[in-house]
Structure formats: C-alpha cells, structure tokens
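Here is a briefing on one protein chain. Please look over the sequence and structure first.

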Amino acid sequence: MNTEQKRDGFKGEQMIVLPTEAFQPFIENPLVRRMYLTDVGYFPKALHHFRERREGIEEYILLYCTEGSGTIQIPGKPVITLHEGEAFCIPPLTGHRYFASPQDPWSLLWVHFKGEDTTFFPLNSLQKVVLNSTYATDRLMSLFELLFRVLDGNYTLGNFIYISQVLSLILSEIFYREKHHSTAEQNRQVTRIVRYMSAHLDKNLTLQDLSDQFGLSRSYISAIFQKYTSHSPIDFYIRLRMKEACKLLRSFDTRVQEAASALGYNDPYYFSRIFKKVIGVSPREYQLQGDHMLPGEMDVLP
C-alpha cells in the first residue's frame, strides 16, 4: 500500500461509529429493525483516502460522491469510477477496495446499515446510480445532516426510530425518486456516454451495457440520444464504429477481415453488411474509391 494512503482523518470530516450496546436494546422494535445504521460519515476532499476489506463487512455500505471522484474495486467485477452526483452500494460480505482519485479526490458521504427493509431496495445490483442534480445533492446533504444532528444527541428509542426513517428516505432519494435532469445535465450525460462508446469501439455494446455503466434507465438513454443526436444510442454507436472502419480501410494494407476484427466483429461478412448499410458501398468498394469522402460516409455522424 502507498504510504501516503490513509483510512480516515480528513479536515472537516464528520464520522460517528455507534457502539453495539447503543442500539442493541432497540433492534427488536419493529420501526427500528426495519432499517438501522451502525456507522455514518462525511469525508470532504479526502486526499489519500483508502479502504480495503477483503471479506467485506456484515452491513451494506452506501457511498455517495458529492464532488471529485474515486475508484471502487470488487473482485470479478468491472472497476467503478464514482464521480460527483453518483452513488454505489456494496452488499454485505462482499470483498472490496475503494480509494480517492489522487488528482481530484472525492468528497464522500457514507453510511453502513442493515435491516429488514433492505430487501425492498436494489442494493445488491453492484451498479452505480447517477443523480447528477444539484437539488438531489442538496437533499442528500440535508438528510445526512439530520443523521449527524440526531446522533449527536441521546441514544433513545425515539431517536433510533427517527434515524430509521431518515435512512429510508436517503435510500428512496437515491434509488426511487424520479430523476429530472436539466438540458445541460442531459448534454453532459450524452457526452460522457459518447466518450465511453468511442473508447470501446471494439466491443459489441448493448443498451443494457450503457444502462449498467451509467446507472440510467434504457428508456432515458434512448430519449436523450434521440433528443440530442436524432439517433438511437445503438445506431449512434454503430455509426461511430463505421467511421473508425473508414479510417482503417483508407489504408490498402488493411484487409476487410482485419478491420472487422479490430472493431470486434467476428464475422467479416456481417461487418461488410453493416458497413454497406451505413456507408452505402461495401468495404472493398470503399477502398477502391480512394481518399475522397463518399456521401454515405458524410452521414455517418449527425
């Protein structure tokens, strides 16, 4: 481990770890056992923040990034980069490691919790959720501030019931509240998705892949792409791949099969059909046309 990495101790941090004996007497109360926390905190601009738990812990871990970014690693799963306005939940007994970006360290709201009502939230999906709204961040900051304020008081049954309700509100805000995004936010989302597409032209991305990667519904991604590009997400992605194919095929040293393989197409005949549908001529015909741009190529991107 880098000697500069540390677990906690950040300027302006808030952190409360409840001793087991504090809440144990109240867990059997039906309003408490539904949802209760064991730890909660806020780490602002947490440079060198690092956590590794190879066996995980017994509670769920909810991470919400209010600014900056960080990385979450779970064995056998794609690496998650958590940006401002994004949340991620680590299920119980799931090995993990997470750490702040050294260039732009995250500010992180986090809580460890358990309870019967956890089954009603999609907490085991291992997919990040994008809120991307100033209002959502303000609401979550306010709800976490409520938790800190109540936990600074006495550990009474009434306070634990209140905490349970606030925790449920936090999860509902993240997972179930209808997400309204401004035009600027939608534009940023489209830009981020297009950049992701451009970095994965050798894959066969699906709409579900994009939904999983960005924590947005398939219908929402389709709607914003139609709005800003006049194309469906996958049609846009195919056009990006065919634009790259044109670059590859401008070299007579590149065979059609090689271009297909470079772009993740195992079947060169299928690749040729897609190319002709988008560009208007076959890959071989395109090569024979020389360097001038064809009408179909001009229309590859909106």
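Ser 101 counts as buried because its relative accessibility is 13% (buried is under 20% relative accessible area, exposed over 50%, partly exposed in between, with a 1.4 Å probe and protein chains only). The model is predicted: local features need pLDDT of at least 70, side-chain atom pairs count only at pLDDT 80 or more, and totals for chains, interfaces and linings use all residues. Residues are numbered from 1 along each chain as its sequence is written, and side-chain values use heavy atoms, with hydrogens and water left out.

**Ser 101**
- Ser 101 sits in the loop between strand E8 (96-100) and E9; strands (E, at least two residues) and helices (H or I, at least four) are DSSP runs, numbered from the N terminus.
- Leaving out residues up to four places away in sequence, Ser 101 touches Ser 69 and Gly 70 (contact means heavy atoms within 4.5 Å).
- His 48 is 53 residues from Ser 101 along the chain, and their C-alpha atoms are separated by 7.8 Å.

**Whole chain**
- The chain has eleven helices and ten strands.
- Its 302 residues are 48% buried.
- The accessible surface is about 15,500 Å², and carbon and sulfur atoms account for 51% of it (Shrake-Rupley method, 1.4 Å probe; for residues, only the protein chains shown count as cover).
- Of the contacts between residues at least 6 apart in sequence, 74% join residues at least 24 apart.

**Nonpolar cores**
- The largest nonpolar core holds 39 residues, and Leu 37, Val 40, Phe 113, Ile 170 and Ile 174 touch the most other members (a core is a set of buried Ala, Val, Leu, Ile, Met, Phe, Trp, Tyr and Cys residues joined through side-chain atoms within 4.5 Å).
- Two or more residues of this core come from each of strands E2 (36-43), E4 (60-67), E7 (86-90) and E9 (107-114), and from each of helices H2 (134-151) and H3 (157-175).
- Another core lies apart from it, with 33 residues, including Val 194, Cys 246, Phe 271 and Val 281.

- Thr 66 belongs to strand E4.
- Thr 66 is buried because its relative accessibility is 11%.
- Not counting residues up to four places away in sequence, Thr 66 touches Tyr 42, Glu 84, Ser 107, Leu 109, Thr 137 and Met 141.
- Arg 139 lies in helix H2 and, at 27% relative accessibility, counts as partly exposed.
- Beyond residues up to four places away in sequence, Arg 139 touches Glu 173 and Arg 177.
- Leu 169 is 30 residues from Arg 139 in sequence, with a C-alpha to C-alpha distance of 10.0 Å.

**Helix packing around H6**
- Helix H4 (residues 183-199) packs on helix H6 (residues 218-229) at about 100°, with axes 10 Å apart (axes are lines fitted to C-alpha atoms, for helices over the stretch in contact; angles run from 0 to 180 degrees between N-to-C directions).
- H4 is therefore roughly perpendicular to H6 (65 to 115 degrees; under 35 is roughly parallel, over 145 roughly antiparallel, the rest oblique).
- The contact of H4 with H6 has nine nonpolar, five polar and one charged residue (Ala, Val, Leu, Ile, Met, Phe, Trp, Tyr, Cys and Pro count as nonpolar, Asp, Glu, Lys and Arg as charged, the others, Gly among them, as polar).
- Helix H5 (residues 207-214) and H6 have axes that come within 9 Å and cross at roughly 100°, so these two are also roughly perpendicular.
- Leu 207, Gln 208, Leu 210 and Ser 211 of H5 meet Arg 218, Ile 221 and Ser 222 of H6.
- Three nonpolar, three polar and one charged residue make up the contact of H5 with H6.
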